[in-house]
Amino acid sequence: MSNQIYYCKPVFRPPSEARSLLIQLTEGCTYQCDFCMSNLRKEFRIRSVDAVKKDLDNARKIYGMNVNRIFFLDGNAMVTPTNKLLEVTNYAFELFPNLERCGVYAHSKDILKKSDEQLAKLSKAGLKIAYVGFESGYDALLNAVNKHATKQDHIEASKKLMNANITLSATLINGLGGANNPEISEKHAIESADLVNTICPDDERLWYVAFLTLMVPPGTEVFKKKVTGRFQEMNSTQILQELKIFISNIGFKNKNANCIFRSNHASNYLPLKGILERDKKKILNVIDYGLSHQESLRPEFYRAL
Ligand SMILES: C[S@@+](CC[C@H](N)C(=O)[O-])C[C@H]1O[C@@H](n2cnc3c(N)ncnc32)[C@H](O)[C@@H]1O
Ligand code: SF4
């Protein structure tokens, strides 16, 4: 019997889970968004509860009590049937007395497939954070990149998570519409800001919104479109202008909202962070600085996913 923890590489996890114990609950993803490589080299499967429990046992032997956070891989582990997700989450909390939370990536449609009761049970068991790829709030663009979700799906899924007391960490993609049509970029920015404004809760809980910048990985649909001239990437100036429109359009009714905004991923040209909408002006000033000081931006060859 192997004492190692099983991984089907490459694995997909959020940057903020870099120090978490990674457990392969699923492999690949059930969707195929045009920009994403999560399912390129993997056939989707949900691993058996026994196999996952064995990995947790092995992790206990390797790390002892020193596990505070677990991230259940892979691209969309929320698709796992609730009873299985509950069983592995409960087992993890039995094994690791210092465990604070478990997390998963979650497509909005798969959140919507779970009932409020199921989400509440998962939250109570310790599934405390879900990373949701909004990508955009502009329906035409969501459709064009095959996201299989609409702005309204994102709104309803976010509310369901918040009602269940599961922390929302949402990502959007700067430059998703490409450089061919500036109108798409503007709508992407405005509709994405409207989506974020709409889901803002009326209390002071923490929630997260991050902007990544589009990368074009070989093998993806967007890569095929790029090499055949049907997609043109935005340059850094266009990217920052799009982000500026997004930030300018943020306006929360709840002035005490605790929305942690980040755009400091390896794919971004300019590292930005702050609390929305409190730090709106500060963020806009940094964007303006980046626009007028191109030499301060991350060089193209350092950008990565
Ligand atoms: C591995 S995916 C998991 C998200 C989850 N399956 C969902 O759809 O909600 C994590 C996120 O990485 C970002 N991402 C994936 N491919 C990208 C690319 N080529 N360029 C920039 N961001 C990308 C997207 O925001 C995506 O939602
Ligand atoms: S973005 Fe999410 S849903 Fe889309 S292919 Fe990637 S992992 Fe799957």
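Guide: The crossing of α9 and α10 is left-handed. The model is a predicted one.

Visitor: What makes α9 roughly antiparallel to α10?

Guide: Helix α9 (residues 236-248) and helix α10 (residues 280-292) pack at an angle of about 165°, and their axes are 10 Å apart. Angles over 145 degrees count as roughly antiparallel, and α9 is therefore roughly antiparallel to α10.

Visitor: Which residues of α9 and α10 meet?

Guide: From α9 come Thr237, Leu240, Leu243, Lys244, Ile247 and Ser248, which meet Lys280, Ile283, Leu284, Ile287, Gly290 and Leu291 of α10. By class, this contact of α9 with α10 comprises 7 nonpolar, 3 polar and 2 charged residues.

Visitor: Why is α1 called roughly parallel to α2?

Guide: The axes of α1 (residues 49-63) and α2 come within 10 Å and cross at roughly 20°. The term roughly parallel applies to angles under 35 degrees, so α1 is roughly parallel to α2. The crossing in which α1 passes α2 is right-handed.

Visitor: Which residues make the contact between α1 and α2?

Guide: On the α1 side they are Val49, Val52, Lys53, Leu56 and Arg60, and on the α2 side Lys84, Glu87, Val88, Tyr91, Ala92 and Leu95. The contact of α1 with α2 divides into 7 nonpolar and 4 charged residues, with no polar ones.

Visitor: How do you know that α6 and α7 are roughly parallel to each other?

Guide: The axes of α6 (residues 151-163) and α7 (residues 182-199) cross at roughly 25° and come within 10 Å. With the cut-off for roughly parallel set at under 35 degrees, α6 and α7 are therefore roughly parallel to each other. Here α6 passes α7 in a right-handed crossing. Lys151, His154, Ile155, Ser158 and Lys159 of α6 form the contact with Glu191, Leu195, Thr198 and Ile199 of α7. The classes in the contact of α6 with α7 are 3 nonpolar, 3 polar and 3 charged.

Visitor: What makes β1 and β10 edge strands?

Guide: The open sheet has 8 strands in the order β1-β4-β5-β6-β7-β8-β9-β10, with mixed pairing. Strands β1 (21-24) and β10 (273-276) each pair on one side only, and they are the edge strands. From one strand to the next, the twist averages 25°.

Visitor: What kind of peptide bond joins Leu73 and Asp74?

Guide: Leu73 and Asp74 are joined by a cis peptide bond, with omega at about 25°. Asp74 is placed in the loop between β4 and α2 (82-95). A cis peptide bond also joins Lys9 and Pro10, where omega is about 0°, and Pro10 lies in the segment before β1.

Visitor: Which residues come nearest to ligand 1, and which strand gives the most to its shell?

Guide: There are 21 residues around ligand 1, of which Phe35, Tyr105, Gly133, Thr171 and Leu212 come nearest. β6 (127-135) and β7 (167-174) each supply at least two residues of this shell, and β6 gives the most, with 3 residues. By class, the shell around ligand 1 has 13 nonpolar, 7 polar and 1 charged.

Key
Residues numbered from 1 in each chain as written. Chains lettered and ligands numbered in written order. Predicted model: local features only at pLDDT ≥ 70, side-chain atom pairs only at ≥ 80, totals over all residues. Axes fitted to C-alpha atoms, helices over the stretch in contact; angles between N-to-C directions. Helix = DSSP H or I, 4+ residues; strand = E, 2+ residues; numbered from the N terminus. Parallel < 35°, antiparallel > 145°, perpendicular 65-115°, else oblique. Left-handed = near helix turned anticlockwise from the far one by under 90°. Contact = placed C-beta atoms within 7 Å. Nonpolar A, V, L, I, M, F, W, Y, C, P; charged D, E, K, R; others polar. Near = placed C-beta within 6 Å. Pairing = 2+ DSSP bridges.
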